[in-house]
Every structure is written in C-alpha cells, then in structure tokens.
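Work through the exercises below with the structure in view. Try each task before reading its solution.

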Amino acid sequence: MSAVKNEDQLRAKGYDKTPDFILQVPVAVEGHIIHWIESKASFGDECSHHAYLHDQFWSYWNRFGPGLVIYWYGFIQELDCNRERGILLKASFPTDIVTLCHSIV
C-alpha cells in the first residue's frame, strides 16, 4: 500500500474536491502535523489565497485534517496566519520533514 495517494487515485475513490496528495501516514513540518499537500504554481496573493481557502483548503481540512500548501512563486507572508488552525504555507517543499518511523517485526 502506498504511503501517498495522489489526486487521480482519490478521484477514482469518489472524492470530488481533493488536494494534490493525501499522506496515509502524517508527517510533521515545523512542529505541525500534515495530512495533505496542495501545490499551487502561482504566487499567493491576498485575493487568490482567500479564494483558495474558501473553495479548497478548508474543505480539505474538514475531510482530511491539517495540511500544507506550497506556492511555487512565494506568497505574502502575512497570509500564513492559519498554522495553528491547520493550514501551513510554504514557498518550496520543506526539507525539515519529520516522519513516523516504524519497523515490521
């Protein structure tokens, strides 16, 4: 079983609004638990970010829990104000990911 489900796999299971990836095993980024990742090939300005929050991100949060949004071309720093509520913004894929390690005995 894959640790990551992509958008096509999720839609095949009947999900209508889906993030780009669902993590079957959550990770932590900067001390925040992440269950999903959405990647935006844009700059996160106030207008577009608020529209994404309303139309996508809060729906993902309601279905899958806290998540990470990556804006490829950066974002207005003040928009990263929902971390404690479960939506983390980054301008690139984080390098400080903490994973759950387990072994099969």
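A cavity is a set of grid points where a 1.4 Å probe fits but cannot get out. The model used in these exercises is predicted.

**Exercise 1. State how many cavities of 30 Å³ or more there are, and describe the lining of the largest cavity.**

Solution. 
- Step 1: The count comes to one cavity of 30 Å³ or more.
- Step 2: The largest cavity holds about 30 Å³ of space.
- Step 3: Its lining consists of Leu 23, Val 27, Val 29, Ile 34, Ile 37, Leu 68, Phe 93, Pro 94 and Ile 97.
- Step 4: Sorted by class, the lining has nine nonpolar residues, no polar and no charged ones.
- Step 5: Strand E2 (21-29) and strand E3 (32-40) each give at least two residues to the lining. The largest share, three residues, comes from E2.

**Exercise 2. Find the salt bridges of Glu 30 and state which parts of the chain they tie together.**

Solution. 
- Step 1: The structure holds four salt bridges.
- Step 2: One of them pairs Glu 30 with Arg 83, with the closest N and O atoms 2.6 Å apart. Glu 30 is in the loop between E2 and E3, while Arg 83 is in the loop between E4 and E5, so this pair ties together parts 53 residues apart in sequence.
- Step 3: Glu 30 also forms a salt bridge with Lys 90, again with the closest N and O atoms 2.6 Å apart. Lys 90 belongs to strand E5 and Glu 30 to the loop between E2 and E3, so the parts tied together here are 60 residues apart in sequence.

**Exercise 3. Locate Tyr 73 and decide whether Tyr 73 is buried or exposed.**

Solution. 
- Step 1: Tyr 73 sits in the loop between strand E4 (67-71) and strand E5 (87-90).
- Step 2: Exposed means over 50% relative accessible area. Tyr 73 has 57%, so Tyr 73 counts as exposed.
- Step 3: Together with Phe 43, Trp 72 and Ile 76, Tyr 73 makes a nonpolar surface patch of about 450 Å².

Conventions. Residues are numbered from 1 along each chain as its sequence is written. This is a predicted model: local features need pLDDT of at least 70, side-chain atom pairs count only at pLDDT 80 or more; totals for chains, interfaces and linings use all residues. Side-chain values use heavy atoms; hydrogens and water are left out. Patches are made of residues with over 30% relative accessible area and no salt bridge: like charges are joined within 9 Å, nonpolar side chains (Val, Leu, Ile, Met, Phe, Trp, Tyr) within 5 Å. Accessible areas come from the Shrake-Rupley method with a 1.4 Å probe; for residues, only the protein chains shown count as cover. A salt bridge is a side-chain nitrogen of Lys or Arg within 4 Å of a carboxyl oxygen of Asp or Glu. Helices (H or I, at least four residues) and strands (E, at least two) are DSSP runs, numbered from the N terminus. Buried means under 20% relative accessible area, exposed over 50%, partly exposed in between (1.4 Å probe, protein chains only). On a 1 Å grid over the protein atoms alone, a cavity is a set of points where a 1.4 Å probe fits but cannot get out, and a pocket is an open set with protein on both sides within 12 Å along at least five of seven lines; lining residues have an atom within 4 Å of a point. Grid points are joined across faces, edges and corners, and a volume is the space filled by probe spheres set on the points. Ala, Val, Leu, Ile, Met, Phe, Trp, Tyr, Cys and Pro count as nonpolar, Asp, Glu, Lys and Arg as charged, and the others, Gly among them, as polar.
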